[in-house]
Amino acid sequence: MITYVSAGLLALLALSIPVGIVLFLLGFGVDQFYSNFPLSRALGNMVWSSSSSATLIAIPFFVLLGEVLVRSGVATRTYAALDRWVSWLPGGLVHANVATATMFSATSGSSVATAATVATVAMPQAEKLGYDPKLFSGAIAAGGTLGIMIPPSINLIVYGFLTQSSIPQLFLAGLIPGLGLALAFLAVTAILCTIWPELGGNRRVFPLLQMARALIDLIPILILFALIVGSIYRGWATPTEAAAVGVAGALLIALAFGGVSWTMMRESLLGTIKVTSMIMLIIIGASFLNFTLSSAGLGRELTAFLEGLGLSPIGFIMVVVLIYIVLGFFIETLSLMVVTIPIIVPMVLAQGYDVIWFGILMIVLIEMALITPPVGLNLYVVQGARKSGNLNEVMLGALPYCLTMLAMAFALIAFPDIALWLPSALN
């Protein structure tokens, strides 16, 4: 059954069938060939139960929040402001890519939306100022991955929903690793551009007065982040309510900057509908597939296989890391999460690991999947914004940041308090 599901998943994805449909087809296949009971008769109940949770309402709100900020021009102002503060570092404007992605990750909750935002704003600057296209575009793709780590994160909401764990605790746990990755990306960029100065273009130093004025464009985003995350941690709002408050805050910011129009609102709502529909189709399809797999006994097969290896807890978690790295080459990130969580998480917990800690480790590994070929979505998003060159340049540019994520994954395994200290301290 494991072989059938793996081969079927890769074959159907290779045919460019939408991921949500692939999950339904695999579920029907498992029902047909591996079950003695008509599991497909439970489809209606699975569709309802997997989509009726109030927690999931946060997803369209966070998507809409990001859409409003992007389409109202706030992203352009934020990028220009960060350019004045970080372009003096070795690597120049490349640092602005990472810094802007970090700030928008703290509001949008979506990696693809973050990468698309920064790429749209930044790529014309790269061509104008003569930056190396590989490192410049790779930094945008890598910086965009922070959208699923730094709260509020749509993927963390889905993880909390599927594992019945605390979403505020997950948000807290993701904050230090997310900011740590952002700082590590900046450090890697500075090191590379110190060794090979031609990669980073010209370093620019702006007058102090211009830098101070640029803060005006950064303050609204920081306030919005504090409003969303602070209301959750203080217990004033649930993640869903905080997302709604965030949308209202984003609209006020857009209105203050003169970016609100009927066209902007229409495009933001259409974009939200498309992204939310895709996410919900994947969640529902994965729920049906997980139901058929568990009913047919895949969980028992996989558990028996891993127990038969006789691994220690640390050896087990290393195998899990390897599984996610390999699957990340072929499976889209959200799909990878919802397909594997019901199978992997119970076994991880049986080894004595913390469900919050494993959620953050999984997110780091899934971030790598966003910038590893052939299915790394952020690579294609950035390449689409470039309108020149080839995808191999973006892949090469993202490689140093991919290795940085792998180092963060091992750091989380060696020092779990990187993720668990902040939730414990605020508890």
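Because the model is predicted, local features need pLDDT of at least 70 and side-chain atom pairs count only at pLDDT 80 or more, while totals for chains, interfaces and linings use all residues. Residues are numbered from 1 along each chain as its sequence is written, and side-chain values use heavy atoms, with hydrogens and water left out.

With a salt bridge taken as a side-chain nitrogen of Lys or Arg within 4 Å of a carboxyl oxygen of Asp or Glu, the count comes to 3 salt bridges.

| Salt bridge | N to O distance |
|---|---|
| Glu67 and Arg71 | 2.6 Å |
| Arg71 and Glu267 | 3.6 Å |
| Asp217 and Arg77 | 3.6 Å |

Glu67, Arg71 and Glu267 are linked in a network of salt bridges. Within it, Glu67 and Arg71 sit 4 residues apart, about one turn, in helix H4 (residues 58-71), where helices are DSSP runs of H or I with at least four residues, numbered from the N terminus. Glu67 is buried at 14% relative accessibility, whereas Arg71 is partly exposed at 38%; buried means under 20% relative accessible area, exposed over 50%, and partly exposed in between, with a 1.4 Å probe and protein chains only. Arg71 of helix H4 also pairs with Glu267 of helix H13 (residues 262-296), so this bridge ties together parts that are 196 residues apart in sequence. Glu267 is partly exposed, at 36% relative accessibility.

The salt bridge between Asp217 and Arg77 links helix H11 (residues 208-233), which holds Asp217, to helix H5 (residues 74-86), which holds Arg77, across 140 residues. Asp217 is buried at 17% relative accessibility, while Arg77 is partly exposed at 34%.

Key: Helix = DSSP H or I, 4+ residues; strand = E, 2+ residues; numbered from the N terminus.
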